[in-house]
Amino acid sequence: MKRINVYIISIVAALCGCMACNDAFLDRVPKTTITAPGFFKTVFDLNLYVNGIYEAMIPNGSYDDFASDNVTIRIGSEPYSALLYGRVSKDNIGGWGGWDNLRRINLMLNSLDGVSGDEADINNLVGIARYFRARFYIDKVQAYSDVPWYDAVIESSDEDLLYKTQDPRDVVVDHIMEDLEYAVANIKPDLGNRTRVHKYVALAELSRFALYEGTYRKYHSEINLASSANRFLERAASASEEIMNSGQFEITGGGSVVEVAPGLSGSEGFRKLFTSSKLSDNREIIMWSEHDYTQNRRHNADVLMKDDGTLSSLSRSLQESFLTKDGRPFSTVAGYATKGYAEVFTDRDPRMSETLAFPGIAREQLDGSFIYHATTPSRGGYEQSKFYLRYRDDYLVTPNGIGMFTSLPVFRLGETLLNYAEAKAELGQLDNAAAEKSINLLRARVGMPAFNAAAEVDQALRDLYPGVTDVNVLAVRRERRVELAGEGLRRHDLYRWNAGSLYEAAVSQQGAYVPRLPYVYDVTGDGKPDWGIAAGESSKTGDVVGWYYLDDPDVTFYLDNGASGYIRNKEDNLRRFEEPKYYYSPIPIEQTVLNPNLKQPYGW
């Protein structure tokens, strides 16, 4: 026991030393460091140290699409709007930090000589550390492209390393792939309760990143790496297939299409992925993030359904991406472009009502009664139902009332299937067999017809991606959007596809359609009008819950055709996306002063 306590004290001291180095210039490399030889003796030592890495770097996922064309962006409601409005520069940007986490990983990986124990146990822990190093560098490459690669602990005397310039993207990415491949080969396949890193988490990360890098290289000429794109696309497909063929995971909730409001279909099986207190028994989940009211660990995934001043909504562009329930593009429906809020939900893919708040969506109270949610025009008219807790069985009742303590997917099979389908489409290999074991499994869960790219690609979809002619690629992009909306993946999708122009597109900035002024409409599905929109107070007609007057300076939206049209945020017409500049983040100016050898990314 005395020997173990000595090791615990040593390792905790090392972690504290690493955590203290968290500010600027590689997070302030300390003048003195722990010497590597003899630091780790046993598997127990490594395991304790890896637990510290977990606490700092455990992946929790992202659960909103604010920084994408899925959400209309309003000044003051989302920091990313500063970029689109030209307010970001190297003089005011943050970021570039986190190098202390890399240091703690490299400290372990450089200190393995003399560690005793089962080789498989040691390699498992090394694999987890290398997984986290890959995660660290994935974030850096996605932000800056070229970054310095470090796989050793840097001392203050190592001036050549401290003041080095960036390594080329392809060099850093090769190291990332090496780390992920090692992780896949050595991390144990034991799933546990699926909240920790296991073999299939590493495979899911590999699937996601290889697809990202392959498509980024294919569609971004400025990095001049297109010739190697297929190598990554092939690995994305094969990594996905390893998960698909493992027998460990399956698409859950089949046959669960239900009526959520008169004439509107939804899917309970799809919904339960995002409204369950525990996900350990859901076989679609590869990894999940647990939230616990006893520790006040809550999340904010339902932000677009909160009455807290949130001033964003889902976009018309996302709404029109959902097919009809018989598998046709929405643009084939007569008068589709001028249908009002309630009308657009009729006969659509059930995932639409599980993503956009429909007329009649309500939350059940403790006494069994329901409170109907009144979607507001001030947010654009399309609020988000994904992650919204509708029934008592969906949420935890805490001593302080109802809290958002549901658990959230970090990696799920649904995404992996779409990674596979997209990689195959980009390679020209998405045939019926490939679609049957990927996209069609997702379609079957929600009662949608089988994938048929030729019938599903309309001019509206082509207009979103004018440089793409392959109907399989276009149709897969649509499917990915509707399945994964609100799960935090859309911005990276737009970036890797070189589709930043969509931030400026009118359909990305438009909300629900208003046919005339004055206009009153029912958003709760009870047949009674809730909101009214008028040019001014003198032109209102009748009584509703609340009126919005467009001549009121406090009203934050307008109609893009004046007396009719789509709801738009007043500031959104200022959006600009500079290509390729905005695909990259500038390095803070203080970092380039400290290290003049760092070069700003493209356009900065």
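The model is predicted, so to speak of local features requires pLDDT of at least 70 and side-chain atom pairs count only at pLDDT 80 or more, while totals for chains, interfaces and linings use all residues. Residues are numbered from 1 along each chain as its sequence is written, and side-chain values use heavy atoms, without hydrogens or water.

I begin with the helices. Helices (H or I, at least four residues) and strands (E, at least two) are DSSP runs numbered from the N terminus. The axes of H6, residues 119–144, and H9, residues 199–219, come within 12 Å and cross at roughly 20°; axes are lines fitted to C-alpha atoms, for helices over the stretch in contact, with angles from 0 to 180 degrees between N-to-C directions. The two helices are therefore roughly parallel (angles under 35 degrees). On the H6 side, Tyr131, Arg135, Ile138 and Gln142 make the contact, and on the H9 side Val201, Ala202, Glu205, Phe209 and Tyr212 (heavy atoms within 4.5 Å).

Turning to the strands, E4, residues 285–289, pairs with E10 in the antiparallel sense over four bridges; pairing requires at least two DSSP bridges between two strands. Met287 lies opposite Phe411 of E10. Strand E10, residues 408–412, is mostly covered, with five of its five residues buried (under 20% relative accessible area, 1.4 Å probe, protein chains only).

E12 and E13, residues 531–534, run antiparallel and are joined by three bridges, and Tyr519 has Ile533 of E13 as its bridge partner.

How values were computed:
Buried means under 20% relative accessible area, exposed over 50%, partly exposed in between (1.4 Å probe, protein chains only). Angles under 35 degrees count as roughly parallel, over 145 as roughly antiparallel, 65 to 115 as roughly perpendicular and the rest as oblique.
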